[in-house]
Amino acid sequence: MAVGGESGSAFIAIEGPEGAGKTTLAQRLASRLRNAGADVLEVREPGGTPVAEAARRLALDPDLEMSPLAELFLMLAARADLVSRVIRPALASGRVVITDRFDLSTEAYQVAGRGLPRKAVLEANRLATGELKPHLTIVLDLPDGVGEARQAAAGKPKDRMEREAAGWHARVGRVFAGASGPAVIHIDGTCSPEEVELRAWEAVRGRLGETFPKGQG
Ligand code: T5A
């Protein structure tokens, strides 16, 4: 299966629990792709437009209490704006878009974490994205607690989600670990950043074969 669209565009999502190494991988993968000649755009979710960044600040503010539905709609408002104003135009102009989180995170945090009804959330997500799906989703697998320890070691302050109890994080983690489908691959997030990058690059290159001939990068 080829990942890329007709013009060489491709939409790659990197998913996984907190501290799994998503941002690290997104940057390394973007660099590999650029070296191979791709025009790459990196985005993060929630975020990437003024409206989406404002929604992110609200949704992750540890001093704010909000209902699970309010949280869901902030995430989806951010996604709708990012997809329509940034991701779709980039793909239409032949760029490779790498997103740090996408819709699998909603299934993990708002469905499994908050207990919102899956079918309705997926339907709302389809509305927000206009049914745009990543060509490839790379899930970084990490045992419970490892990501939290990494974030603590890096001195990252806890956001509203990260302050949730261990059981909540375990439910969230099971969604990432169990994600499957033809466009989903899993990489062991406990490997070194170099090894994670190599495995991701092999997966991307294997699926982008026509756009980035083997041997490049
Ligand atoms: N959210 C998001 C929802 O609830 N619903 C949604 O629909 C969406 C889209 C976003 C929050 O929003 C929630 C989920 C989140 O709570 P975020 O900041 O984007 O928040 O997500 P985090 O996962 O919290 O971000 P982090 O930056 O902390 O985690 P990353 O990106 O997975 O990890 P990274 O690359 O920053 O690395 C963390 C530390 O580990 C080291 C790094 O150097 C860094 O110090 N590291 C490694 N160490 C060892 N081995 C490796 N392979 C390593 N890779 C990185």
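This is a predicted model: local features need pLDDT of at least 70, side-chain atom pairs count only at pLDDT 80 or more; totals for chains, interfaces and linings use all residues.
Q: Which residues of H1 are called buried, and what does the word require?
A: Buried means under 20% relative accessible area. Lys-22, Leu-25, Ala-26, Leu-29, Ala-30 and Leu-33 are the buried residues in H1. They cover an arc of only 135° around the axis, so they lie on the same side of H1.

Q: What do the buried residues of H1 pack against?
A: They pack against strands S1 (10-15), S2 (40-44), S3 (96-100) and S4 (136-141), and against helix H8 (193-207).

Q: What makes the sheet open, and which strands stand at its edges?
A: The sheet has 5 strands in the order S2-S3-S1-S4-S5, with parallel pairing. S2 and S5 (184-188) each have a single partner strand, so one side of each is left without a neighbour in the sheet. On average, neighbouring strands of this sheet are turned by 20° against each other, direction ignored.

Q: Why are S1 and S3 called paired?
A: Pairing requires at least two bridges between two strands. S1 and S3 are joined over 5 bridges in the parallel sense, and therefore they count as a pair. Ile-14 stands opposite Asp-100 in S3.

Notes:
Residues are numbered from 1 along each chain as its sequence is written. Side-chain values use heavy atoms; hydrogens and water are left out. Buried means under 20% relative accessible area, exposed over 50%, partly exposed in between (1.4 Å probe, protein chains only). Helices (H or I, at least four residues) and strands (E, at least two) are DSSP runs, numbered from the N terminus. The arc is that of the directions from the helix axis to the C-beta atoms. Contact means heavy atoms within 4.5 Å. Axes are lines fitted to C-alpha atoms, for helices over the stretch in contact, and angles run from 0 to 180 degrees between N-to-C directions.
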